[in-house]
Amino acid sequence: MKKQKTIVVGAGINGVVAAIELRKRGHEVVLIDPGPLPHPLAASTDISKAVRAAYGADEDYTELAERSIKFWRQWNLEFGVVLYHEIGFLFMRQRPMEPGDFEYESFKLLEQRRHRVERINSQQLRQRYPAWNAEGYPDGFLDLDAGYAESGRVVATLISRAKSLGVEVRENARFRGLDETTGRVKGIVLENGERITADAVVMTVGAWTPYALPFTRNFFRASRQPVFHLKPAQLELFTPERFPIFGADISTTGYYGFPINRDGVVKIANHGPGREMSPDSPDRMVTKEEENKMRQFLSGSFPALADAPIVSTRICLYCDTHDGNFWIAPDPERAGLTIAAGDCGHGFKFAPVLGEIIADAVEGKSNPKFRWRPEVRPGVVKEAARFPGTL
């Protein structure tokens, strides 16, 4: 029986896990990316991404995250290197938690599902997490079954795994367009004019999706989000034990962050509607206004970080859908094409299960929540999209 040949375009986290799973299922897989790998402009390529099951009252994402966390633990053992650090996630609010709040609904659902969660008040915050301005955050909870993945290292590790399984990785290959006939995609065309034929094409190009595939512009929006890497003077205040991953009233402020990493760097970032921007735009610098807003937030929330020097900055580009749910489905108008996009800033945590979901879609078994849904138009972004997994 002839093996199905599948081209996966884009070697970020979606692409590499899809390539691995498809190869395990017997596909002949070619993974295409302009490189270098991990791609420095990809959203996947950073020092950290949060892994947590807190999703308000959304049981679907909570359950999916629970599955993912089990696999993250297994990956640490399987790869023989700690890529996932289960250090806890502290969600605090500037007001008491109430029904309907993201934090309250997350806490109640996680408690119901027997996660290790603990309610935290300002007195406990002051005693246990001294970097915080405890007076400004009277209520919240600590999720001990959460942590972060070293995202750039994860992608590099998975690319090596893909190669070892027989995935053909074509670095320095730039996608120009689909090779299609009426109603059927039969491969892709590269910028140098080379045509690669295949039985199936999977587009996993993140924020490039609405630009690489113009017919999807009604479905996706690429938006920029600022990320800061800071070097605190008082390192002891920002160790994982005293400064777990945080969301500082994130639905109001948009700010989240991570403790010091092996280089003594604290990551602070903002999640919000963002400004629409092409990922190929030369304007990929954090603005002075964004830095000033970050400093203002730090002065009120983490005073010891307020004047910390910036080691580096980057722009993280989201690929947003209009309802906040992933878009992992075959194109009903173009047989042979599957699109896996719309991570909306919260997709990386699901890496261990995304490959299975994408491969299922390629083989005709789409997830109802992530189905092809052109009827979803711009409007109010739902809860799932507002609380990022890049955080």
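Helices here are DSSP runs of H or I with at least four residues, strands are runs of E with at least two, and both are numbered from the N terminus. The model is predicted, so local features need pLDDT of at least 70 and side-chain atom pairs count only at pLDDT 80 or more, whereas totals for chains, interfaces and linings use all residues. Residues are numbered from 1 along each chain as its sequence is written, and side-chain values use heavy atoms, with hydrogens and water left out.

Is Val155 buried or exposed? Val155 is buried, with a relative accessible area of 1%; buried means under 20% relative accessible area, exposed over 50%, and partly exposed in between, with a 1.4 Å probe and protein chains only. Now display the contacts of Val155, where contact means heavy atoms within 4.5 Å. Apart from neighbours within four places in sequence, Val155 is in contact with Ala11, Ile13, Pro38, Ser44 and Phe348.

Pro38, one of the contacts of Val155, is the next stop. Pro38 lies in the loop between β2 and β3, and a cis peptide bond, with omega about -10°, joins Leu37 to Pro38. Select Pro36 in the loop between β2 and β3. The peptide bond from Gly35 to Pro36 is cis, with omega near -5°.

Four of its five residues are buried, so β1 is largely enclosed by the rest of the structure. Strand β1 pairs with strand β2, residues 28-32, in the parallel sense over five bridges; two strands pair if DSSP finds at least two bridges between them. To see this pairing, select Val9, which stands opposite Ile32 in β2.

Another sheet can be viewed by selecting β3, β8 and β4. These three strands form an open sheet in the order β3-β8-β4, with antiparallel pairing. The edge strands, β3 (49-51) and β4 (84-85), each pair on one side only. Strand β8 (residues 147-149) pairs with β3 over three bridges in the antiparallel sense, and Lys49 stands opposite Ala149 in β8.

The following stops are in loops. Thr216 is in the loop between α6 (209-212) and β14 (220-230) and counts as buried, at 0% relative accessibility. Not counting residues up to four places away in sequence, Thr216 touches Thr209, Pro210 and Ile339.

Where is Asn172? Asn172 lies in the loop between β9 (168-170) and β10 (175-181). Its phi is near 60°, a positive value in a residue other than glycine, and Asn172 is exposed, with a relative accessible area of 67%. Asp249, in the loop between β15 (245-248) and α7 (250-253), has phi near 50°, also a positive value in a residue other than glycine. Asp249 is buried, with a relative accessible area of 0%.

Finally, show the whole chain. The protein chain contains ten helices and 21 strands. Along its principal axes, the C-alpha trace spans about 65 × 45 × 45 Å. Buried residues make up 58% of the 391 residues.
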